Structure formats: structure tokens, C-alpha cells
Amino acid sequence: MLPKENRLKHDRDFITLFAEGRFVLGSLVNAQIWKIDPAKYPRRKYSLEDLKIGFVVSKKLSKSAVKRNRVKRQMREAVRLILQKNNLKTGYLLLILAKNEILEQDFTEIQKSMEQILRRVSLLN
């Protein structure tokens, strides 16, 4: 499980991310990323030390909640392991969106894809 301070939870954060962020394509996942600008949203108490990460697995991927939740757990675990062993840059909101191809992959492939997308958005040191 991701640490509490790294979870993207609030609807307003998701809305800000979709409105302000840039979209990056990956092999198994896509990402939406926004560099936090505290001056733009002063009432939200964003900090340049924050790194908030959210995960989306839509019903288009699978109608089965069991399969969607399994994919979300695997993505969360892959990012948690990356957070533990590497220093990720702070000051960003990040949303990771699963693609259909992720259902057939095992955990090691998902983990490689997460590292790849984090490098593409320049968060991985």
C-alpha cells in the first residue's frame, strides 16, 4: 500500500490534473502528470515537497471488479517498491491509467512498465 502522503484522493486533485496536466503514453499504462504550482491554487495547500499518485482502471478494461482491483493492487505495489528503492522527484501530481494489455501481463512486466513510464515523465532519478 502506498504511504498516505503519496495518495491522490480528492476529486478536485483529479480535476486539476486532467485540466492542467500533460498526457504521456506507455506500453501497458498511460500517465497524466502535473507539476504542482502552489501560486495557481493557493487554497489547496499544495507543496513542492508533495508527490501524489493515483491509479485508474476503467470498466472498459474489464467488467469484472475482481480483475480491475487486482490490476490496481499490482500497479500500487509496483510503484510502492519503486518509491522504496529510488528517490522520485517531488512536486508533482501523477495519475496512472491502465491499458487493456495489462490484463495478460504478470507482475514483473507491470513493474517494468511502471519504471518505464516514470522515466518518461522524468520522475525517476
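**Note on the predicted model: sheet, cores and selected residues**

1. Strands S3 and S4 run parallel and are joined by six bridges. Strands and helices here are DSSP runs numbered from the N terminus, with at least two residues (E) for a strand and at least four (H or I) for a helix; two strands pair if DSSP finds at least two bridges between them. Within this pairing, Gly-54 has Leu-95 in S4 as its bridge partner.

2. On the basis of the note, the model is a predicted one, in which local features need pLDDT of at least 70 and side-chain atom pairs count only at pLDDT 80 or more, while totals for chains, interfaces and linings use all residues. Residues are numbered from 1 along each chain as its sequence is written, and side-chain values use heavy atoms, with hydrogens and water left out.

3. On the sheet as a whole: it is open, with four strands in the order S1-S2-S4-S3 and mixed pairing. S1 (22-24) and S3 are the edge strands, each pairing on one side only. From one strand to the next the twist averages 20 degrees; axes are lines fitted to C-alpha atoms, for helices over the stretch in contact, and angles between N-to-C directions run from 0 to 180 degrees.

4. On the antiparallel pairings: S1 and S2 pair in this sense over three bridges, and Val-24 has Ala-31 in S2 as its bridge partner. A hairpin of four residues connects S1 to S2. S2 also pairs with S4 in the antiparallel sense, over seven bridges, and there Asn-30 stands opposite Leu-97 in S4.

5. On the covering of the sheet: H2 lies across S2, S3 and S4 and runs at about 155 degrees to S3. Contact means heavy atoms within 4.5 Å. Six of the seven residues of S2 are buried, so this strand is mostly covered; buried means under 20% relative accessible area, exposed over 50% and partly exposed in between, with a 1.4 Å probe and protein chains only.

6. On the largest nonpolar core: it has 29 residues, of which Met-75, Ile-96, Ile-102, Met-114 and Leu-123 touch the most other members. Such a core is a set of buried Ala, Val, Leu, Ile, Met, Phe, Trp, Tyr and Cys residues joined through side-chain atoms within 4.5 Å. At least two residues each come from S2 (29-35), S3 (51-56), H2 (65-85), S4 (92-98) and H3 (107-120). H2 gives the largest share, five residues.

7. On Met-75: leaving out residues up to four places away in sequence, Met-75 touches Val-29, Phe-55, Val-56, Val-57, Ile-96, Ala-98, Ile-102, Ile-110 and Met-114.

8. On Leu-95: this residue is found in S4 and is buried, with a relative accessible area of 0%. Beyond its neighbours within four places in sequence, Leu-95 is in contact with Leu-8, Phe-14, Leu-17, Phe-18, Asn-30, Ala-31, Gln-32, Gly-54, Phe-55 and Val-56. Leu-95 and Pro-3 are 92 residues apart in sequence, and their C-alpha atoms are 16 Å apart in space.

9. On aromatic rings: the count comes to one aromatic pair, where rings of Phe, Tyr and Trp (its six-membered ring) pair if their centres lie within 6.5 Å, planes under 30 degrees apart being stacked, over 60 edge-to-face and the rest tilted. The pair is edge-to-face and consists of Trp-34 and Tyr-46, at 5.7 Å centre to centre with 70 degrees between the planes. Because Trp-34 lies in S2 and Tyr-46 in the loop between S2 and S3, the pair ties together parts that are 12 residues apart in sequence. Trp-34 is buried, with a relative accessible area of 6%, and Tyr-46 is buried, with 10%.

10. On a charge over a ring: Lys-35 lies over the face of Tyr-92, at 5.0 Å from the ring centre. The criterion is NZ of Lys or CZ of Arg within 6 Å of the ring centre and within 35 degrees of the ring normal.

11. On two serines: Ser-27 is in the loop between S1 and S2 and is partly exposed, with a relative accessible area of 40%. Ser-27 is in contact with Lys-99, Glu-101, Ser-113 and Gln-116, its neighbours within four places in sequence being left aside. Ser-27 and Ser-113 are 86 residues apart along the chain, with 6.6 Å between their C-alpha atoms. Ser-122, in the segment after H3, has a phi near 60 degrees, a positive value in a residue other than glycine. Ser-122 is partly exposed, with a relative accessible area of 38%.
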